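Keep the 3D view open and follow along.

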Amino acid sequence: MDQEFQRLIDKVNKYNPQCDWDMLSKAYKISKEAHEGQQRKSGEPYIIHPLEVAHFIAELELDCESLVAAILHDTVEDTYYTVEDIRKMFGNQVALLVDGVTKLGKIPYTSKEEQQVENLRKMFLAMAKDIRVILIKLADRLHNMRTLRSISEEKQRLKARETLQVYAPLAHRLGIFKIKWELEDLSLRYIDPVAYYEIVESINLKRKEREQYLNNIMNTLNQRLKELNISGHIEGRAKHFYSIYRKMFAQNKNIDEIYDLFAVRVIVDSVKDCYGTLGMVHELYKPIPGRFKDYVAMPKPNMYQSIQSTVIGPSGKPFEIQIRTWEMHRVSEYGIAAHWKYKEGKTGTSDLDSKLAWVRQLLEIQRDLTDAEEFMKTLKIDLFADEVFVFTPKGDVINLPAGSTPIDFAYFIHSAIGNRMTGAKVNGKIVTIDYELKNGDIVEVLTSGNSHGPSRDWLKIAKTSQARNKINNWFKKEKRDENIVHGKELIEKELKRTGFTHSQLFKEEWIETALKKYSFHSVEDLYASVGYGGITATKVVTRLRDEYNKTVKVEEKDQKIKEIEPIQQTSKKRKRNANNGIVVKGIENCLVRLSRCCNPVPGDDIIGYITRGRGVSVHREDCPNIKANMDQDGQTRFIDVAWETLHNASYLSDIQIVANDRRGLLGDLTNSISDSKLALRGINTRTTKENVAIINIKLEITDTEQLTKIIKKLQKIPNVFEVQRSRQ
């Protein structure tokens, strides 16, 4: 193991011979002792992991403090050391870095989603103070993904999905494509292994043919560069597996129908040579219209610079060409890390501060978001969206997420501009405020001092959460009384929709729980937030309904059991229905049937409905048909029923699955059901125009516990985004 540490020292010495070797050795010694006896899931000594993370930090050529933090990054989370211990031994900077990558493990959360969100908040907060936090975290995640085979398949998919949703796009946002591409390919291997290995095998089958085609192009380009006296390095590369996978999925094609599976990269000495090379390439090969992008003149926010063009190559096969300088190439590989390097004794530069302004903006926007689902939704929009580049009338370049509107542009300039906006011009012509901005548009915002402020409808049009947040803040401050009234109306509407009354759900103790959950000081604050769109009425009512179910339903169930128990004790000739297993209060030898509209199973709260000539029909208490009959017939035709304990009894239940359609989806679903040892009694599928699969399955189960388990299991299958018990 000490040989691995020596290898790290040798690597660091090549780019930073002034590193504090004593501090680095001390960190290694402490980490090794602290992790003594700990093993990874693979059986390897745990110290291998922090050393591998440090090796990658050395590849990024970061400073000595970053290396020390990388070696110590798991000590606070997994050993007896505290952040204060690290601070005393290594100083404030190392302590900040270690704390930044340490998860919040000792705080109770209501769900895994909420815990994930709070860990991300903590990471972004530390990242805003010091970019090295996220570089260490990305190196940590990369090594974990490289060694993922040792954990269970379920955990593999969870880690891979989180990596694909958060860490790979984060690496993209920071311009570190070297990490991004590997994280995406590794994630695909575990999320959709069948597709991953099919792509690998297909590419390997025609590798020689593609390499020969690529070599011919590279030889031609080399010869022409020499003729033009341009010094350049040419290399060919195949597209990454995840990139191919996304194209296959988006275009519904198999790999043989995708021709631009590779790209040619030309690296030259100057920007002048970049454009000279571009002219030469377009003389040799015909460019495809709409596939040219000049990121040299207009760099991406993640600092990426290249000229990109897709051209028609020999035999009519298209290929992509990238042209960049050596400095652009270094930044493309290492992104923000290329601007950091190993500046000993410095914590950053003003240039870096400007490049990381989006992190602080992200934190500002999401500061008030308490809901885990909403946090992740806005995170994906703001952090990971494709960009569109537009111009102000003065010629300044503004980048916004793809699909942005003049509203987003106005609020990006300033909240006061957005609040006074009355319209917009694009390229000199009046456009509607829902116009989708395109690359190169010149946007002018029309304002008026007499404007009454934004419209609530703008919240549905705005693409960026920055714009929506500023619109919400305007309503929050300017129209509090109106928001309270509007919020009450929305909640009353939601109560009626769900069949509850205000007095049923708005109990003092339940309201206190909801206020604490969503960080409100009073009921008026809650109403106001619903009114201006800070939180939905559905979430508030759902939270109160959960409290209702935890208390009132338990009491009602206990009361029913007390009423039914005497019947079970005194009934001498009670008829046992082996198929249904239902006891009816006060009635013997009664015809009983389970209703098909809601398919109740043991564990459900149920109620009986006395039909005309068909005995007692048993429904779930939340069945819409029951509520309709209650409104029509009152309580006169209802009777208390209860489940009778039967052994080896089974019941049919319907489940609806909604997912993005893909190859192998149905197989994954049926395999999961089979693994759970459940009988599949029916299946019906359809796919919408939007490529959304709606699958209804009928299962044979014994109780609600078994049903809950299979629903949770199906929810974890890739591309599935909703699984619920369905009603016919």
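At what angle do the axes of helix H10 and helix H11 cross? The answer is roughly 160°, with the axes of H10 (residues 153–173) and H11 (residues 177–191) coming within 9 Å. Bear in mind that this is a predicted model.

**The helix pair**
- An angle over 145° counts as roughly antiparallel, so H10 is roughly antiparallel to H11.
- The crossing of H10 and H11 is left-handed.
- On the H10 side, the contact includes Gln156, Leu164 and Tyr167, while H11 brings in residues including Phe177, Leu183 and Ile191.
- Sort the residues of this H10–H11 contact and you get 10 nonpolar, four polar and four charged.

**A three-stranded sheet**
- Next up is an open sheet of three strands in the order E9-E8-E10, with antiparallel pairing.
- Strands E9 (429–431) and E10 (443–447) sit at the edges, each pairing on one side only.
- From one strand to the next, the twist averages 40°.
- E8 (residues 421–426) pairs with E9 over three bridges, and Ala424 has Val431 of E9 as its bridge partner.
- Helix H21 (residues 406–413) packs on the sheet and touches E8, E9 and E10, with its direction at about 110° to that of E8.

**Zooming in on Leu652**
- You'll find Leu652 in strand E17 (residues 651–660).
- Leu652 counts as partly exposed because its relative accessibility is 39%.
- Leaving out residues up to four places away in sequence, Leu652 touches Asn599, Val601, Arg681, Lys698, Leu699 and Glu700.
- Arg596 is 56 residues from Leu652 in sequence, yet their C-alpha atoms are 9.2 Å apart in space.

Methods. Residues are numbered from 1 along each chain as its sequence is written. This is a predicted model: local features need pLDDT of at least 70, side-chain atom pairs count only at pLDDT 80 or more; totals for chains, interfaces and linings use all residues. Side-chain values use heavy atoms; hydrogens and water are left out. Axes are lines fitted to C-alpha atoms, for helices over the stretch in contact, and angles run from 0 to 180 degrees between N-to-C directions. Helices (H or I, at least four residues) and strands (E, at least two) are DSSP runs, numbered from the N terminus. Angles under 35 degrees count as roughly parallel, over 145 as roughly antiparallel, 65 to 115 as roughly perpendicular and the rest as oblique. A crossing is left-handed if the near helix is turned anticlockwise from the far one by less than a right angle, and right-handed if clockwise. Contact means heavy atoms within 4.5 Å. Ala, Val, Leu, Ile, Met, Phe, Trp, Tyr, Cys and Pro count as nonpolar, Asp, Glu, Lys and Arg as charged, and the others, Gly among them, as polar. Buried means under 20% relative accessible area, exposed over 50%, partly exposed in between (1.4 Å probe, protein chains only). Two strands pair if DSSP finds at least two bridges between them.
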